[in-house]
Amino acid sequence: MKTTIKAALSRTLPFIVMAAAYFLYTKINKMSNPQVEAIGFSPYAIFFVGAVLSWKFNRSREFYILLILALCIASMAYLPEISGTALRSGDVYSIICMVIPLNIALFSFFKERGIISLWGGLRMALILGQCLFLFWQMESGEREWLHLFNKEVVPVDLYAVTPIPQLSVITFVIAFAILLVRAIVYRSSSQEISFISVLLAIFYVLHQNNNPLLYSIIFAASGIVFIISIIQDSYSMAFSDELTGLPSRRALKQDMMKLGFNYTIAMLDIDFFKKFNDTYGHDTGDEVLRLVASNIKEVTGGGRAFRYGGEEFTILFPGKTISDVLPHLEELREKISKQAFTIRAKGRSKNKSSKRSSSTRTSKQIYITVSIGVSQKNEKYKTTETVMKSADTALYRAKKKGRNCVSK
């Protein structure tokens, strides 16, 4: 339950930040002039912090989108005021309405290949090319591309609904669809959710297009959302096991420090896993680990599962005794042992008439079992280290008993 609430909060946090930003905007009239001026410059400070964190944690997608947002808000604020430019504020608005959704959609596809690298240089060149295009529009007075940005491509009059050009609205919709699909495919990763919230918020502020302070607040909030995403994903990488999705050994050590005066620890090991890996390959072994982990994650009795390492897992039961948790561990062991795992392999069959061999697929069902050792804090085992060592000794006893059992 606690994990579910935490996951839900993580997914909704970007939208909460955006809602808080809009609430701040409604209170602008009650603020002093220095506070209003600080808000006007806040996006640049927040973007700088976000860029530094992106650089530190090698998060190139956030880094480049933050750079694009900084260039866009600076362009809207300062480009029309530059003397001698042929670019009007309306032109800058049209360009930004296209540039932001297009780049968010584009950069969402890019893999993390580093900021200072060949791939990073190519992405920087992509952004530089867009800046040079804008500069060319300023200096030459050519307006063909600007007319294209404002061209109506479908027979629908959207200007009665929003000042955003029709082609840009379509780009926003396509970008939103891409991000939504990616969020579903990647199970709502914090990165994709952040991109969606920023995309929707920027669409709203461009739709309003009535107050420079609203731009500053929403763009600043976008930077905060990306900073939160970087922190969340960095925490997840540090404390979650990438293969199984369970909390990692580092998270286990932290949670063990929080245990009270009464608790039980269980150590769980997949039977014959090394032989299984040698027979069917490491890729299939990884699938087995994920299957077992998905079952362990749902252990009842108030237990919290961790991947200890290799094929070994740990389950903490705060406030529980061995007699409390044994029925739940037996239920878990039985559930895993009855779940069939299908192994698919390729075979070769000869075709006598054509001398050509064709590939056929064969499948085989096997059953995975686990051994479990369990121990609790008592007069003999007074620390988490000794309780865990006792549970590990009990695990070896379960192995000697013939495996697929629980030992204490």
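**Close-up views of a predicted model**

**View 1. Packing of helix α3 against helix α9.** In this predicted model, helix α3 (residues 60-78) and helix α9 (residues 212-239) have axes that come within 11 Å and cross at roughly 170°. Angles over 145 degrees count as roughly antiparallel, which means that α3 is roughly antiparallel to α9. On the α3 side, the contact is made by E62, I65, L66, L69, C72, I73 and M76. Helix α9 contributes Y215, S216, F219, S222, G223, F226, S229 and I230. By class, the residues of this contact comprise ten nonpolar, four polar and one charged.

**View 2. The largest nonpolar core and the surroundings of F219.** The largest nonpolar core holds 58 residues, of which L69, I100, I104, V198, L206 and F219 touch the most other members. Helix α4 (residues 89-109) gives the most to this core, namely eleven residues. Leaving aside residues up to four places away in sequence, F219 touches P43, F47, L69, C72, I73, I100, I202 and V205. Three of the names in that list, L69, C72 and I73, also belong to the α3 side of the contact with α9.

**View 3. S194 in helix α8.** Residue S194 lies in helix α8, which spans residues 190-208. The relative accessibility of S194 is 1%, and therefore S194 counts as buried, the cut-off for buried being under 20%. When residues up to four places away in sequence are not counted, S194 touches P14, V225, F226 and S229. Of these, F226 and S229 are also α9 residues in the contact with α3.

**View 4. Strand β3 and its two partners.** Strand β3 (residues 312-318) is mostly covered, with six of its seven residues buried. Strand β1 (residues 263-270) runs antiparallel to β3 and is joined to it by seven bridges. Within this pairing, M267 has T314 of β3 as its bridge partner. Strand β2 (residues 304-309) is likewise antiparallel to β3, with five bridges between them. Here R304 stands opposite L316 in β3.

**View 5. The hairpin of β2 and β3.** Two residues lie between the strands of this hairpin. In it, G310 takes a positive phi near 60°.

Terms used. Residues are numbered from 1 along each chain as its sequence is written. This is a predicted model: local features need pLDDT of at least 70, side-chain atom pairs count only at pLDDT 80 or more; totals for chains, interfaces and linings use all residues. Side-chain values use heavy atoms; hydrogens and water are left out. Axes are lines fitted to C-alpha atoms, for helices over the stretch in contact, and angles run from 0 to 180 degrees between N-to-C directions. Helices (H or I, at least four residues) and strands (E, at least two) are DSSP runs, numbered from the N terminus. Angles under 35 degrees count as roughly parallel, over 145 as roughly antiparallel, 65 to 115 as roughly perpendicular and the rest as oblique. Contact means heavy atoms within 4.5 Å. Ala, Val, Leu, Ile, Met, Phe, Trp, Tyr, Cys and Pro count as nonpolar, Asp, Glu, Lys and Arg as charged, and the others, Gly among them, as polar. Buried means under 20% relative accessible area, exposed over 50%, partly exposed in between (1.4 Å probe, protein chains only). Two strands pair if DSSP finds at least two bridges between them. A nonpolar core is a set of buried Ala, Val, Leu, Ile, Met, Phe, Trp, Tyr and Cys residues joined through side-chain atoms within 4.5 Å.
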